[in-house]
Amino acid sequence: ARFPYRSRAAIERVQARRVRAAVSHAYRHVPHYRDAIDRLGMRPEDFHTAADLARLPLLERADVQGDPLPYTSRAQPLSSYVSLSSSGTTGEPVAVYHDRYSLAQSAGHRRRREAVIRKLAGKRFRYRQILLRPQGSTGHQAQRAFDRVTLLPRWLRNERRRVSLHESFETVIEAVNELRPDVISSVGS
């Protein structure tokens, strides 16, 4: 909780350590990054700060859509990952492989964010929320997975209603009027 209030130098030291660890992991376990770093004539040790990441080529959506495996870590067997795919609202869907640890971390971040939202909404325990998202989006799939494994008793869980972005405006208004949510959330795209 105190991390955002550390000095800039302290935050940059942690960030640099994380960059070095991420690049080292990517080089050892992700074929695309090993090839990209080798093509640049570099070594993982050449990456010191977040600014150094700009040396790497940008990923193109079409490349990841065509074959996601070169971009997937081999640190674990592929069967141990959870495959979630995007909704395809900006084109074709993209499959993304997540390890279970990253999903658990994401669930923790989500719970902390919910505590802030609850406070802002003036609620002590739970709030009503409409999730306005593309049907089948990665966020939609992840939220459903979190909801299935949550340890919170049902009376403490937020009341959520998912409404697809593909629904008519009238359907969205009907859902809002019916649930009377404290929070409406959506995605940038």
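This briefing walks through the fold of one predicted protein model, starting with the overall picture and then moving to a few helices and residues. The protein has six helices and five strands, where helices (H or I, at least four residues) and strands (E, at least two) are DSSP runs numbered from the N terminus. From the N terminus on, the order reads α-α-α-β-β-α-β-α-β-α-β.

**Ground rules**

- Because this is a predicted model, local features need pLDDT of at least 70 and side-chain atom pairs count only at pLDDT 80 or more, while totals for chains, interfaces and linings use all residues.
- Residues are numbered from 1 along each chain as its sequence is written, and side-chain values use heavy atoms, with hydrogens and water left out.

**Confidence and overall make-up**

- The average pLDDT (the predictor's confidence in each residue, from 0 to 100) is 84 for the protein, and 85% of the residues score at least 70.
- Of the 189 residues, 28% are buried; buried means under 20% relative accessible area, exposed means over 50%, and partly exposed is in between (1.4 Å probe, protein chains only).
- Take the contacts (heavy atoms within 4.5 Å) with a separation of 6 or more: residues 24 or more positions apart account for 58% of them.

**Where H1 meets H2**

- Two packed helices are described by the angle between their axes and the distance between the axes.
- Here the axes of helix H1 (residues 8-29) and H2 come within 6 Å and cross at roughly 100°; axes are lines fitted to C-alpha atoms, for helices over the stretch in contact, and angles run from 0 to 180 degrees between N-to-C directions.
- That makes H1 roughly perpendicular to H2, a label for angles of 65 to 115 degrees, with under 35 counted as roughly parallel, over 145 as roughly antiparallel and the rest as oblique.
- On the H1 side, the residues that meet H2 are Val23, Ala26, Tyr27, Arg28 and His29, and their partners in H2 are Pro31, Tyr33, Arg34, Ile37 and Asp38.
- By class, this contact has six nonpolar, one polar and three charged residues; Ala, Val, Leu, Ile, Met, Phe, Trp, Tyr, Cys and Pro count as nonpolar, Asp, Glu, Lys and Arg as charged, and the others, Gly among them, as polar.
- The buried residues of H2 are Pro31, His32, Ala36 and Ile37, and H1 is included in what covers them.
- Just after H2 comes Gly41, with a positive phi of about 70°.

**Leu53, in a loop**

- Leu53 sits in the loop between H2 and helix H3 (61-66), and is partly exposed at 36% relative accessible area.
- Leaving aside neighbours within four places in sequence, Leu53 is in contact with Val19, Val23 and Phe47.
- Val23 is 30 residues away from Leu53 along the chain, and their C-alpha atoms are separated by 8.6 Å.

- Glu114 lies in helix H4 (residues 100-120) and is buried, with a relative accessible area of 6%.
- Not counting residues up to four places away in sequence, Glu114 touches Tyr127, Asn158 and Arg160.
- Gln129 belongs to strand E3 and counts as buried at 5% relative accessibility.
- Beyond neighbours within four places in sequence, Gln129 has contacts that include Glu159, Arg160, Leu179 and Val183.
- The C-alpha atoms of Gln129 and Glu159 are separated by 6.1 Å, though the two are 30 residues apart along the chain.

**H6 and what follows**

- Helix H6 (residues 169-179) has Val172, Ala175 and Leu179 as its buried residues.
- Seen down the axis of H6, these fall within an arc of 60°, so they line one face of the helix; the arc is that of the directions from the helix axis to the C-beta atoms.
- An α-helix has 3.6 residues a turn, so residues three or four places apart point the same way.
- The buried residues of H6 pack against strand E3 (128-133) and strand E4 (159-164).
- Turned away from that buried side is a face with the exposed residues Phe169, Glu170, Glu174, Asn177 and Glu178.
- Arg180 is in the loop between H6 and strand E5 (183-186), and is exposed, with a relative accessible area of 60%.
- Phi of Arg180 is near 50°, a positive value in a residue other than glycine.
- Most residues other than glycine have a negative phi.
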